[in-house]
Amino acid sequence: MKKHLVILTGAGVSAESGFATFRDTGGLWEQYDVNDVASIEGWYRNRKLVLEFYNQRRAQLKDAKPNAAHVAMAQLEKDYRVDVITQNVDNLHERAGSTRVLHLHGELTKVRPENGIYDRTESEAEVIDVGYRPVILGDLAPNGSQLRPHIVFFGEAVPNIGKAIDLVEQADILLIVGSSLQVYPAAGLYRYARNDCPIYVIDPKPVPISDPRVTFIQDVATKGMARFVELVEVND
Ligand code: OAD
């Protein structure tokens, strides 16, 4: 039976595809106030600004390409049962060929009514795939309410966290790539890994995990993934 490899990714995995991360120098939260464009209060204060912010991100995604790190993760499906849990709202894992991707913070290419069933039921029945198209104030869902990004704003619950915990608990190997681990609950997921589960962390900067199970690969995602593949081949 294939070993179960669970991969948690953050903005760093898409950095080499041309996407700015959030908290690095030059990152998105230097250019925008997170409370304005990525919080639920910000949405109700100024929907137009929030829609524009995500329209820009969506347009940028259209022209972006998965990089060698996304591709390496998809190729590992040949030898492992791979589940990707991503904090990213881009679709670069899917476009690289990963078949099991759980989005913790939503998806850029999807929208839903601001007053709909999702918040109560987590049912995706009213979620609409808009691809890379912009959404403006006045674009209404079939139920008559304004369309909003299908993004988990700060101040909102993280609906997929239970599924993510289940996956991490089942992992034979846990790999974390390109996340500063500043944002909970995603940042605490590794704690659910079994005591005998090796944990690898790929990031060019030190990441705040002190855990005896961790092997750090201090490098960018593309090079770090090549190193990770070498390491697990030796250990398996
Ligand atoms: P951050 O911007 O907080 O962290 C990005 C991490 O990627 C840092 O640790 C960088 O050192 C690392 N990094 C930079 N370049 C890299 C490269 N080429 N290869 C590998 N790693 C690299 O992003 P996240 O941890 O993903 O949420 O942030 C978590 C959440 O905070 C995001 O999902 C977003 C944000 O606010 C929402 O918007 C809801």
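## Around the ligand

Let's start at the ligand, where one of its nitrogen atoms is 3.4 Å from an N or O atom in the side chain of Glu-16. Keep in mind that this is a predicted model. On its own the ligand has 800 Å² of accessible area, and the protein covers 93% of that.

Which residues come nearest to the ligand? Out of 23 residues around it, they are Arg-23, His-105, Ser-179, Ser-180 and Asp-203.

In soluble globular proteins, nonpolar side chains tend to be buried together. Here, the largest nonpolar core holds 27 residues. The members that touch the most others are Ile-85, Leu-104, Leu-174, Ile-176, Leu-189, Ile-199 and Ile-209. Two or more residues come from each of β1 (3-9), α9 (161-170), β7 (173-177) and β8 (199-202). Helix α9 gives the most, with five residues.

Have a look at Leu-189 in the structure. Setting aside neighbours within four places in sequence, Leu-189 is in contact with Leu-8, Ile-85, Leu-104, Ile-161, Ala-164, Ile-165 and Val-168. Apart from this core lies another, of 22 residues, including Leu-28, Ile-40, Tyr-54 and Val-135.

## A closer look at Ala-193

Ala-193 sits in the loop between β7 and β8. Is this residue buried or exposed? Ala-193 has a relative accessible area of 6%, so it counts as buried, the cut-off being under 20%. Beyond residues up to four places away in sequence, Ala-193 touches Val-168, Leu-174, Ile-199 and Arg-213. Between Ala-193 and Asp-166 there are 9.5 Å in space, C-alpha to C-alpha, although they are 27 residues apart in sequence.

## Aromatic rings

A pair of aromatic rings is described by the distance of the centres and the angle of the planes. This model has seven aromatic pairs. Trp-43 and Phe-153 make a stacked one, with 6.2 Å from centre to centre and 25 degrees between the planes. Trp-43 belongs to helix α4 (residues 40-45), while Phe-153 is in the loop between β6 (147-151) and α9, 110 residues apart. Trp-43 is buried, at 0% relative accessibility, and Phe-153 is buried at 1%.

Phe-153 also pairs with Tyr-54, in a tilted arrangement with 6.2 Å between centres and 50 degrees between planes. Tyr-54 lies in helix α5 (residues 47-63), 99 residues from Phe-153. One aromatic cluster brings together Phe-22, Trp-29, Tyr-32, Trp-43, Phe-53, Tyr-54 and Phe-153.

Conventions. Residues are numbered from 1 along each chain as its sequence is written. This is a predicted model: local features need pLDDT of at least 70, side-chain atom pairs count only at pLDDT 80 or more; totals for chains, interfaces and linings use all residues. Side-chain values use heavy atoms; hydrogens and water are left out. A nonpolar core is a set of buried Ala, Val, Leu, Ile, Met, Phe, Trp, Tyr and Cys residues joined through side-chain atoms within 4.5 Å. Buried means under 20% relative accessible area, exposed over 50%, partly exposed in between (1.4 Å probe, protein chains only). Helices (H or I, at least four residues) and strands (E, at least two) are DSSP runs, numbered from the N terminus. Contact means heavy atoms within 4.5 Å. A residue is near a molecule or strand if one of its heavy atoms lies within 4 Å of it. A polar contact is a pair of N or O atoms within 3.5 Å; within protein, one must be able to donate a hydrogen and the other to accept it, and residues adjacent in sequence count only if both atoms are side-chain atoms. Accessible areas come from the Shrake-Rupley method with a 1.4 Å probe; for residues, only the protein chains shown count as cover. Rings of Phe, Tyr and Trp (its six-membered ring) pair if their centres lie within 6.5 Å; planes under 30 degrees apart count as stacked, over 60 as edge-to-face and the rest as tilted.
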